[in-house]
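The following note sets out points for discussion on the structure shown below. Please read each point alongside the coordinates.

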Amino acid sequence: MDLANTRQRVAVGLSDLSSSLIVARKELRDGFLSLRPYSMATVAFIGMSFFMWIQTEIPMGTDPIVQMVVGLLSLLALFYAVAFSMDSIVSEKAMRTLPLIKTAPISSSSLVLGKYAAILVTWIAILLTSLLYFVLGGRGLVGDVAWGKLLLGYLSTILVAGAMSSVSIFISSVTSSVKSSAMGSLGVLFAFMGISVARQLFSSFESVAKILNFIRNFSLIRYSSMVTEELFENGNELYLGVAGLLAYCVIFIIAAICVVGLKEDVA
Amino acid sequence: MDLAVECRGLTKTFDGFAAVDHIDLKVGKGTVFGFLGPNGAGKTTTIRMLSCLIRPTSGSALVWGMDIVKDYMAIKRILGYLPESPGFYPEMTPLEFLRYFGRLFRVRDLEGAIAEALKEVGLYDERNLETKSFSLGMRQRLNIARLLIHDPKLLFLDEPTSGLDPRGTREVRELILDLGESGKTIFLCTHILPEVEMVCKEVGIINKGRIVAVDSPEGLREKVRASNVIEVAIGPGGIGPEDLARLIESLPWVKRVVVKGGGELAVEVGTFEERRPELARFLVQQGAELLCMNLQEPTLEDVFMSYTG
């Protein structure tokens with residue numbers, strides 16, 4: 001009897017999880033019908049063209065170029081994540097479609113994971129277009145490409161996009177308007193960035209610097225830098241950076257799932 | 001009786017305010033149930049709890065025999081919920097909108113079900129237009145199509161004709177009537193009384209979060225008819241209405257007489273007993289020129305006002 005129950009629960013769980021694919025498919029369709037992914041890909045393309053131009057003017061070698069590209073993409077990943085995630089849940093509230101979805105046989109976890117997956121898949125698509133530079137240009141542009149480091153760098157930007165997206169999705173789930181969600185997400189991103197700047201500005205004030213250093217320990221930007229920089233310097237903070245970004249992904253996605261499931265703002 | 005909905009002490013409080021206060025309610029399968037109440041009475045909160053959108057603070061409810069807290073996923077498969085202002089994706093066409101929800105409900109032969117639902121609500125010809133160009137009535141009908149594609153056993157409709165023009169209202173009512181006739185259980189939340197009279201077999205009235213009456217529309221009228229009101233019309237040939245009113249008031253079973261003007265009087269009788277023959281004889285004896293005499297039927301509006309103050 002217990003085995004039958006367990007089987008039934010597993011079947012229901014798998015069926016529910018497949019609902020997240022339905023949500024992801026719809027989100028991808030909506031996403032690629034808008035201008036956002038194309039404008040992001042254009043920014044990535046222009047940025048990479050700039051680095052390639054630098055390379056031809058002042059030959060730097062492969063590693064610095066790859067490192068600069070990964071650095072640019074990880075910065076872009078942060079803004080991409082905010083732009084694509086800030087309205088993910090709140091737009092359903094604004095369009096009054098959330099009650100329709102919540103009365104369909106789909107759990108809040110499948111809904112959130114479906115949206116999250118679509119955001120990451122779109123980012124991967126943008127990354128793939130930028131990868132064309134190395135695939136097509138290859139040796140002619142940057143010499144021998146260190147493919148291993150390049151791909152690891154690209155993977156790290158997916159992690160950065162995933163961590164920032166999870167924060168933005170969470171903010172989107174707790175806010176009630178697209179505007180407040182956008183302001184909240186951008187506010188958090190700039191706060192993360194501001195910590196590093198403030199730390200340098202107030203380095204002479206010991207007590208302030210201590211507080212800022214403590215806060216910086218939890219900054220997503222710090223973990224992002226750890227990953228993208230240490231990847232090329234073989235530093236021992238790489239794993240801490242990966243763990244920090246993964247923790248961001250897991251904690252904020254679970255928080256968003258809980259908010260979508262429990263918050264009763266379905267009017 | 002097989003029950004579609006059974007509430008036991010169902011309660012929902014918001015910041016200490018009981019929006020729904022210990023309601024007990026039973027709705028049979030196949031019934032078109034009208035859920036009446038003034039604005040803020042707790043109708044929408046009740047319907048949202050039963051649709052598994054919000055959790056009750058206390059008490060319990062079974063929908064099709066399943067608990068709304070424990071078995072919410074199974075309940076969602078058999079119910080259709082139409083909110084008061086249903087949403088839509090403006091960039092989607094009706095086909096895309098229904099495909100999305102049809103997939104979530106794992107509808108077999110989805111394309112067939114969508115075509116049938118769109119024909120049913122009269123949107124088949126507009127199936128490829130973006131919904132942002134749709135009128136409120138068309139959006140409402142699209143959402144009714146959304147309810148139909150997975151063939152739910154139970155429909156929760158929250159003010160389905162709210163904001164619609166007379167034509168849209170009529171179309172939606174006809175759709176509800178058709179659905180009721182097809183054997184679906186419908187839980188219709190409204191404060192529009194003609195809607196209830198037209199489509200519902202059973203009515204529940206909620207006021208200040210509490211159920212104050214549940215019965216058939218006819219049964220409710222009977223309950224309100226605590227005092228019969230007999231409408232009398234007299235001609236100018238006999239005794240005048242004021243004098244006649246004084247005489248009628250002297251009868252022991254008469255509670256009150258109101259002179260309405262134009263030779264019309266309303267005689268309120270304090271019991272359910274039939275007093276029309278007795279009153280007619282009395283009026284003729286007093287020399288009144290009796291033109292007509294009717295028993296005033298309470299409307300559902302009278303019932304509603306009587307229960308909700």
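**Notes on backbone, sheet and helix packing**

1. A:Arg96 is partly exposed, since 16 other C-beta atoms lie within 10 Å, and a residue counts as buried at 20 or more and as exposed at 12 or fewer. Its backbone deserves attention: A:Arg96 is not a glycine, yet has a positive phi of about 60°. The residue is placed in the loop between helix 4 (90–94) and helix 5 (98–102) of chain A. The model is predicted, and this value should be read accordingly.

2. B:Arg106 belongs to the loop between helix 3 and helix 4 (110–121) of chain B. It counts as partly exposed because 14 C-beta neighbours lie inside 10 Å. As background, most residues other than glycine have a negative phi.

3. Strand 1 (residues 3–14) and strand 2 (residues 17–28) of chain B are paired in the antiparallel sense, with 8 bridges. B:Leu3 has B:Gly28 of strand 2 of chain B opposite. The two strands of chain B form a hairpin in which 2 residues lie between them, and B:Asp15 in the turn has a positive phi of about 50°.

4. Chain B also contains an open sheet of 6 strands, ordered 6-7-8-3-9-10, with mixed pairing. Strand 6 and strand 10 (210–215) of chain B are at the edges; each has a single partner strand, so one side of each lacks a neighbour in the sheet. On average, neighbouring strands of this sheet are turned by 15° against each other, direction ignored. Within chain B, strand 7 (residues 154–158) and strand 8 (residues 185–190) run parallel and are joined by 5 bridges. There, B:Phe156 is opposite B:Phe187 of strand 8 of chain B.

5. Helix 5 (residues 136–148) and helix 6 (residues 166–181) of chain B pack with axes 10 Å apart, at an angle of about 10°. Helix 5 of chain B is therefore roughly parallel to helix 6 of chain B. Helix 5 of chain B contributes B:Gly137, B:Gln140, B:Arg141 and B:Ile144 to the contact, and helix 6 of chain B contributes B:Gly168, B:Glu171, B:Val172 and B:Leu175. By class, this contact of helix 5 with helix 6 of chain B has 3 nonpolar, 3 polar and 2 charged residues.

6. Helix 5 of chain B also packs with helix 3 of chain B: their axes come within 10 Å and cross at roughly 35°. This crossing of helix 3 and helix 5 of chain B is right-handed. From helix 3 of chain B, B:Pro94, B:Phe97, B:Leu98 and B:Phe101 meet B:Leu142, B:Ala145 and B:Arg146 of helix 5 of chain B. The residues in this contact of helix 3 with helix 5 of chain B comprise 6 nonpolar, no polar and 1 charged.

7. Finally, the interface between the chains: how many residues of chain B are in contact with chain A? There are 22, and they meet 18 residues of chain A. On the side of chain B that touches chain A, the elements giving two or more residues are helix 2 (72–78), strand 6 (79–82) and helix 3 (94–104) of chain B. Helix 3 of chain B supplies the largest share of that side, 4 residues. By class, the side of chain B that touches chain A has 14 nonpolar, 3 polar and 5 charged residues.

Key. Residues are numbered from 1 along each chain as its sequence is written. Chains are lettered from A and ligands numbered from 1 in the order in which they are written. This is a predicted model: local features need pLDDT of at least 70, side-chain atom pairs count only at pLDDT 80 or more; totals for chains, interfaces and linings use all residues. Axes are lines fitted to C-alpha atoms, for helices over the stretch in contact, and angles run from 0 to 180 degrees between N-to-C directions. Angles under 35 degrees count as roughly parallel, over 145 as roughly antiparallel, 65 to 115 as roughly perpendicular and the rest as oblique. Two residues are in contact if their C-beta atoms, placed from the backbone, lie within 7 Å. Ala, Val, Leu, Ile, Met, Phe, Trp, Tyr, Cys and Pro count as nonpolar, Asp, Glu, Lys and Arg as charged, and the others, Gly among them, as polar. Two strands pair if DSSP finds at least two bridges between them. A crossing is left-handed if the near helix is turned anticlockwise from the far one by less than a right angle, and right-handed if clockwise.
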